[in-house]
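Thanks for making the time, everyone. I would like to walk through one model with you, beginning with a single residue and then stepping back to the whole chain.

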Amino acid sequence: MKKSKFTLVIVLGLVLCLLCGTTTTFSWFNRPDVQKGDSLSWRGDYNVTNGENITAVTYVATKDDGSEYSTVPFDFKTPTTVPAHETKYFCTEVKNTGTASQSISLFLNNSETNTLSVGVNSPLRTYRRFTSDSQTTSYVTKTPSNVNKKNLYIATNVDDPTKYTMHTWKNVDTDPTDKELSGYIKDKSVNYDNVDYNISYVTIPMEHDHAKLWLGIGDSKKWFGSDLEITAQNNTYVFKENESTAMKQSDPSAGISSFYSRAEAVVGETFDLGAKAQGTVTYTSSNTGVATIDNNGKVTANKAGNTTVTVTSTGAYGDKITAKCVLTVSKKPAKSLYIPIVTNMKIEGKADNDPVVTKVYWYIKNDTASDAEYSLGDLQISL
């Protein structure tokens, strides 16, 4: 007796394994590009071969418990009334006449009242209620840009700072930058050892942390002092004419590491468009009717249109670095009324002359105390 029970357990286990290997599976992840009725659409980025050879027909149950179904295809143009707290049962027959496997999704048109619940009896049992919150979506997209600029102050007492070049690099002398000093910043100076030095600057990559100053070009250049280490992004280097004397810590210089080149949003959304920057950072919108932005980089989309958001980093001595982002604001798209019955359901291709037919038994339930009419111009199939 014990031996027969053990044999029965083994047989049942093998049957279960076989069912798991052959049963169609699906997930609740949404899929886009749905079309009405028993039409279909195709996107090549899904893991299926093509969008051909798939047809779908839906039948309505002739018994309230869904045990029997009509042999006449359901008329999608006819509204369906579901009595209070009752359920309507359907069967969608999906046929693959090709040899390639397909992955399909079935969607249903939800009502504005969000009282619709959807369940699946086969191939797997599920039940899910959909509310407004379950369809909330953010429509903000942002394209990052690498600005990678900062200023390095040079304080000197020479007549013409543009004769001097600042050589900068990161860690080791690879990918160095050679920049001529700009003219002096008007009416700005730094006092060092009771002497006022005029301030010039160079704009260099954010990651550069070493510098050296020279006069002249080529073999005739004259280096001033030893290598200087940029220990922070806001150093001022002080030079007397013909010699390097000291380094003096200053207030922050202008600098922007990264921002965004483009962004898109819909009316009514608020989102962050802050730059990674140093110094004093401000933001402006060229069209405040379309969108406004505060000095923390928080954007409010007001109406459809285009605007340019500019971030400005200002250093302690008035130097500036800017970056721009083109922002497009659109009207909020109509709320999607489609909810999934099954998604990502795989249908194998045929191995002989007979098509592969998969039946999805599903239902809609009225969760309210009143009769509800649903338009099933509704069932969507998406590949």
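Predicted model: local features only at pLDDT ≥ 70, side-chain atom pairs only at ≥ 80, totals over all residues.

Which side chain does the side chain of S285 join in a polar contact of 2.8 Å? That partner is T307, where a polar contact is a pair of N or O atoms within 3.5 Å, and within protein one must be able to donate a hydrogen and the other to accept it, with residues adjacent in sequence counting only if both atoms are side-chain atoms. Residues are numbered from 1 along each chain as its sequence is written, and side-chain values use heavy atoms, with hydrogens and water left out.

The side chain of S285 also reaches the backbone oxygen of A291, at 2.7 Å. S285 sits in strand 19, residues 280-285, strands being DSSP runs of E with at least two residues, numbered from the N terminus. Because its relative accessibility is 13%, S285 counts as buried, that is, under 20% relative accessible area with a 1.4 Å probe and protein chains only, while exposed means over 50% and partly exposed lies in between.

S370, by contrast, counts as partly exposed, because its relative accessibility is 44%. S370 lies in the loop between strand 25 (356-366) and strand 26 (372-374), and its C-alpha atom is 8.0 Å from that of H85, 285 residues apart along the chain.

For the protein as a whole, buried residues make up 41% of the 383 residues.

Notes: Helix = DSSP H or I, 4+ residues; strand = E, 2+ residues; numbered from the N terminus.
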